[in-house]
Amino acid sequence: MKRILIRSGKSPFRVASREEFLHQDLIGTNSGNLLFSDATHKILLTEHTEITSNGLPTDTSAARAKEINERYDVFVVPLANAFRPSFKTSLDRLSTLIEQLTIPVVVLGVGAQANEKFDVKRLGPIEASVRRFCRAVLERSASIGVRGELTASYLHNLGFSEDEVDIIGCPSMFLHGETFPALSRPGTIDAASRIAINLSPGAVTVGDVAGLADHAYRRFPHLTYFAQNMSDAQLLFWGDTSEASGNDEALPRRLSHPLFQENKVRVPLDPRTWLEELSTFDFAYGTRIHGNIAALLSGTPAVVLVHDSRTLELCRYFDIPHRMLRGLPGDIHPADLYEQADYRPLVDGHPERFRRFREFLDRNNLQNTFTHGDGGAAYETRLAALKLPSPIGVWDGSDDGAFQYRISRLHERAERSERAVTSLTKQNKELQKLVADLEKRLSGVERRAAVRIGPAIRRRVRRAKTDNA
C-alpha cells in the first residue's frame with residue numbers, strides 16, 4: 001500500500017459545513033483550488049494507495065518533516081499559479097518543508113503568472129525562490145509537471161533542462177481520465193437561456209469586466225454569476241451595508257449590485273455540487289479558468305476570456321475555446337462566443353494529452369485509477385453517498401442555521417479587537433514616555449552645546465562686524 005500525502009485544502013470525502021469553509025479557508029482563497037486537488041485525489045486513488053490531505057498551511061517544523069518522512073511514501077503537490085510575487089512566502093515555506101523530506105515529492109501542474117504577453121519582468125523578485133523550489137523538488141522526483149509551454153519556457157530560461165520539465169496541463173482536466181465529457185448544444189442563446197458567467201475583478205486592468213457583468217445581467221433573466229474568491233463567500237455569508245450607504249460599484253463586489261440584490265450569485269464549495277449545478281446551464285463564459293473548466297467537465301460548453309498567462313497557456317495546451325479579453329467589447333454576446341468556438345480539438349486531442357499525463361505519473365512512480373484501478377468508480381460511489389453543502393448564496397437575514405456561529409464569531413472578533421486596542425493603548429503610552437525622555441535628553445544636549453559653542457560664535461560675530469567696519 002502506497003501512502004500518499006497531498007497538499008490540498010481538504011479531502012474530497014470530508015463533509016465540511018459552510019462555517020468550516022469560511023473559518024478555516026478550506027478553498028485556499030479560491031474555489032478553483034479544490035477542483036484540481038480533488039481531481040488529483042481521484043486520479044491517484046486505487047486499491048493500492050491510501051491518500052491523506054495535508055491541508056494548505058505549510059508546517060515547516062522539523063517535527064512535521066520527520067512525521068511525513070515516517071508516515072508517507074510520497075508527497076504530491078498540485079499547484080496552480082504558484083510562481084507569482086504574492087505567493088513568494090508560501091513558496092519559500094514549501095521549499096523549507098521539502099528540503100527536509102527524504103521521500104519523493106511530485107509537483108502537478110505548477111504555473112507562472114504574468115500578463116497575456118508573458119512578460120516575466122515582474123517575476124524578477126521571485127527568481128531565487130522559484131529556483132530553490134524547483135531544485136528541492138527535482139532532487140526528489142524525476143521531473144516537475146507544469147501547466148503549459150509558457151511556464152516551461154520560463155523554467156528553461158532559469159536554467160532547468162527540458163528533461164527536468166514536463167508539460168502536463170492541470171489535473172482538473174483529467175477528472176474523467178482519457179475520455180472528455182460530451183458537451184451539450186445550447187441551441188439558440190437568448191433571453192430564455194440559462195447562462196453562467198465568471199469574472200476576475202483583477203482583470204479590470206485588461207478589459208471591460210464591469211461591462212461584461214452589466215450586459216449579461218440585462219440580457220439574461222436566468223443568469224447566475226459564479227464567484228470563486230473567499231472574499232465573495234464572506235460577503236454572501238455576512239452581508240454588508242453597501243445598499244444603505246448607496247454604493248454603486250459597477251462590478252459585482254457589493255450587495256448593492258443587482259446580481260446580489262436578485263440572489264444570482266453563488267460561490268461553490270465542493271467541486272461535485274459545483275459541477276452538478278453547472279450541468280443545468282446552457283452556456284458558460286468568463287475570465288476564470290477553473291470556472292470554465294468546471295463547466296466543461298459538467299458537459300456545459302464554455303469559452304474563456306483570457307487576461308493573463310496562467311489562463312492562456314492552459315487554453316492553448318488543452319485547446320479550450322477562448323478569446324483575448326483585451327479589446328473585447330463589454331457587450332459581446334455569448335451567442336457570438338459560442339458560434340465562433342470549436343470544441344473538436346479539445347475533445348479529439350484529450351486522449352493524447354492524457355497519455356502524456358499518464359507517462360509523467362509513471363515516470364514519477366505514481367499509479368492512476370484509469371490505468372491501474374477501477375477508473376474512479378469507487379471514488380464516485382463514495383462521493384455520491386455524501387451530503388455535501390450546496391454553493392453559498394446571498395443570506396437574506398433569516399434563520400439559516402448559522403446564527404449561533406455568526407454571533408460567536410462576531411463576539412470573538414470583538415474580544416480580539418478590544419485586546420488589540422488595549423495593547424495598542426499600552427504601547428502608545430510607552431512610546432509617549434520614550435519620546436518625552438528623548439526630548440528631555442535632546443534638550444540637555446542642546447543646552448550643553450550652546451554653552452560650549454556660544455562664546456566661539458560671539459567672537460566670530462564681533463570679528464565679522466570689525467571687518468565690515
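The coordinates come from a predicted model, and the structure holds 16 aromatic pairs. Because phenylalanine 13 lies in the loop between strand E1 (2-6) and helix H1 (18-24), whereas tyrosine 379 belongs to helix H18 (residues 377-384), the pair ties together parts that are 366 residues apart in sequence. Phenylalanine 13 counts as buried, with a relative accessibility of 12%, and tyrosine 379 is likewise buried, at a relative accessible area of 4%.

A further pair is formed by tyrosine 338 and tyrosine 343, whose planes meet at 35° and whose ring centres are 6.2 Å apart, so this pair is tilted. Tyrosine 338 counts as buried at 19% relative accessibility, because the limit for that class is under 20%, and tyrosine 343 is buried with a relative accessible area of 11%.

The two pairs can be set side by side.

| Pair | Centre to centre | Angle between planes |
|---|---|---|
| Tyr338 and Tyr343 | 6.2 Å | 35° |

Ring pairs also join several residues into a cluster, which consists of Phe174, Tyr317, Phe318, Phe354, Phe357 and Phe370.

**Charges over rings**

Which residue lies over the face of phenylalanine 281? That residue is arginine 194, at a distance of 4.1 Å from the ring centre. In another such arrangement, the charged end of arginine 406 sits over the ring of tryptophan 395, 3.6 Å from the centre of that ring.

Rolling a probe the size of a water molecule over the atoms shows where empty space is left. When the whole structure is searched, one cavity of 30 Å³ or more is found, and the volume of the largest cavity is about 40 Å³. Its lining is made up of Ala196, Ile197, Asn198, Phe226, Gln228, Trp274, Leu278, Ala284 and Gly291. Strand E7 (195-198) and helix H11 (271-278) are the elements that give two or more residues to this lining, and E7 supplies the largest share, namely three residues. In terms of residue class, the lining of the largest cavity divides into six nonpolar and three polar residues, with no charged residue among them.

Definitions and conventions: Residues are numbered from 1 along each chain as its sequence is written. This is a predicted model: local features need pLDDT of at least 70, side-chain atom pairs count only at pLDDT 80 or more; totals for chains, interfaces and linings use all residues. Side-chain values use heavy atoms; hydrogens and water are left out. Rings of Phe, Tyr and Trp (its six-membered ring) pair if their centres lie within 6.5 Å; planes under 30 degrees apart count as stacked, over 60 as edge-to-face and the rest as tilted. Helices (H or I, at least four residues) and strands (E, at least two) are DSSP runs, numbered from the N terminus. Buried means under 20% relative accessible area, exposed over 50%, partly exposed in between (1.4 Å probe, protein chains only). A charge sits over a ring if NZ of Lys or CZ of Arg is within 6 Å of the ring centre and within 35 degrees of the ring normal. On a 1 Å grid over the protein atoms alone, a cavity is a set of points where a 1.4 Å probe fits but cannot get out, and a pocket is an open set with protein on both sides within 12 Å along at least five of seven lines; lining residues have an atom within 4 Å of a point. Grid points are joined across faces, edges and corners, and a volume is the space filled by probe spheres set on the points. Ala, Val, Leu, Ile, Met, Phe, Trp, Tyr, Cys and Pro count as nonpolar, Asp, Glu, Lys and Arg as charged, and the others, Gly among them, as polar.
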